[in-house]
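Trainee: I'm new to this structure. Could you walk me through a few of its features?

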Amino acid sequence: MTTYGGFQPVFCTIVPPHVLDRLARNADPVLAGPARRTLQRDALERTRRGLTTVIGAPAVAPRAGAEPEKPQRTVYDARHGTDLPGREVRGEGEEPGQDATVNRAYAGLGATFEHYLKVYRRNSIDGQGLPLDATVHYDREYNNAFWNGEQMVFGDGDGEIFLDFTIALDVIGHELTHGVTQHTANLTYYGQPGALNESVSDVFGSLIKQYSLGQTAAEADWLIGAGLLAPRVTGEALRSMKAPGTAYDDDVLGKDPQPATMDDFVRTGRDNGGVHINSGIPNHAFYLLATALGGHAWERAGQIWYDVLTGGELAEDALFADFATLTLKAARERYGDADELEAVRKAWEQVGVRTL
């Protein structure tokens, strides 16, 4: 059992390194240049995050005068620089401005806060009203968005492969959910626990989008990052929970490498042991569960996943089988020996993950 007493925030990006690596090797400097600069910036931010982990991040408390169980949002503009957080451009309760990127970031922070509060009674990502900060217009042609352990950061994309990273609500929900995991299970960001870390963010990122749109599991697209790919790219999104491995198949980006089952589990030392690749397996298990149960996925399927993430029994180095076993336990404790339990068991069986 993890005590959650010494969480170590990690640097988590929405675009996997293997995608940027391929772009960086492209013969066209228009495509390769932004990708290389993004990889260099990511490496620097990852190093900074590591140093913060060693020396300790400053404690962040709810702001003075904040209303209980209300979001405390602040959006900053980096003005294409890299100093964080940048210039404040919109605070909590302020009216929308003319910058659509600022407005989307503000709305996305709010939608994520609302989902966790109204569905799971969680007050912000730390459960204690943590202020939600975001920086937009980060760097130039920056092809990523990330959670750095303290705040959200969004690039504008290069316009050739990626568009503005505030476009996709599930991306905002995904990255902020890394903060939820940081404050709860604190899953190690490597190998299977790292893939679980990424998968949990995809799951709740998708649920936040579905909740905002009022969609049922059958109505949802189950895509992560739909709308981020520029028109020239042959693809729908960064990942597909419904059909891992089919999100894109492009002459520049290559083919989506995510497996849907353990039969195709990818063993690699890159991308922290394939955290953005093998996350397709637990992603698919959740999709199978949600669609088998029907209705709104955040109600039963999402509740089971949330119970496991926050229940105190999920070890930091948990493997897929450990997580799957805890979902069975959570389903039984919440719903008894009912349809939910059998649906959870069948979903994991279908992706080839054995429960203990």
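Mentor: Happy to! Let's begin with a term: contact means heavy atoms within 4.5 Å. Keep in mind that this is a predicted model.

Trainee: How are helix H4 and helix H5 oriented, roughly parallel, roughly antiparallel, roughly perpendicular or oblique?

Mentor: Helix H4 covers residues 169–183 and helix H5 covers residues 191–213, and they pack at an angle of about 130 degrees, their axes 7 Å apart. Angles over 145 degrees count as roughly antiparallel and those from 65 to 115 as roughly perpendicular. Therefore H4 is, relative to H5, oblique.

Trainee: How many residues of the contact of H4 with H5 are polar?

Mentor: On the H4 side, the meeting residues include Gly-173, His-174 and Thr-177, and on the H5 side they include Ser-201, Phe-204 and Gly-205. The residues of this contact divide into four nonpolar, four charged and, to end on your number, polar ones: ten.

Trainee: Is Pro-259 buried or exposed?

Mentor: Pro-259 is found in the loop between strand E10 and helix H6. Among the residues it touches are Pro-244, Phe-265 and Ile-281. Buried means under 20% relative accessible area. Pro-259 has 4%, so this residue is buried.

How values were computed
Residues are numbered from 1 along each chain as its sequence is written. This is a predicted model: local features need pLDDT of at least 70, side-chain atom pairs count only at pLDDT 80 or more; totals for chains, interfaces and linings use all residues. Side-chain values use heavy atoms; hydrogens and water are left out. Axes are lines fitted to C-alpha atoms, for helices over the stretch in contact, and angles run from 0 to 180 degrees between N-to-C directions. Helices (H or I, at least four residues) and strands (E, at least two) are DSSP runs, numbered from the N terminus. Angles under 35 degrees count as roughly parallel, over 145 as roughly antiparallel, 65 to 115 as roughly perpendicular and the rest as oblique. Ala, Val, Leu, Ile, Met, Phe, Trp, Tyr, Cys and Pro count as nonpolar, Asp, Glu, Lys and Arg as charged, and the others, Gly among them, as polar. Buried means under 20% relative accessible area, exposed over 50%, partly exposed in between (1.4 Å probe, protein chains only). Lists of a residue's contacts leave out its neighbours within four places in sequence.
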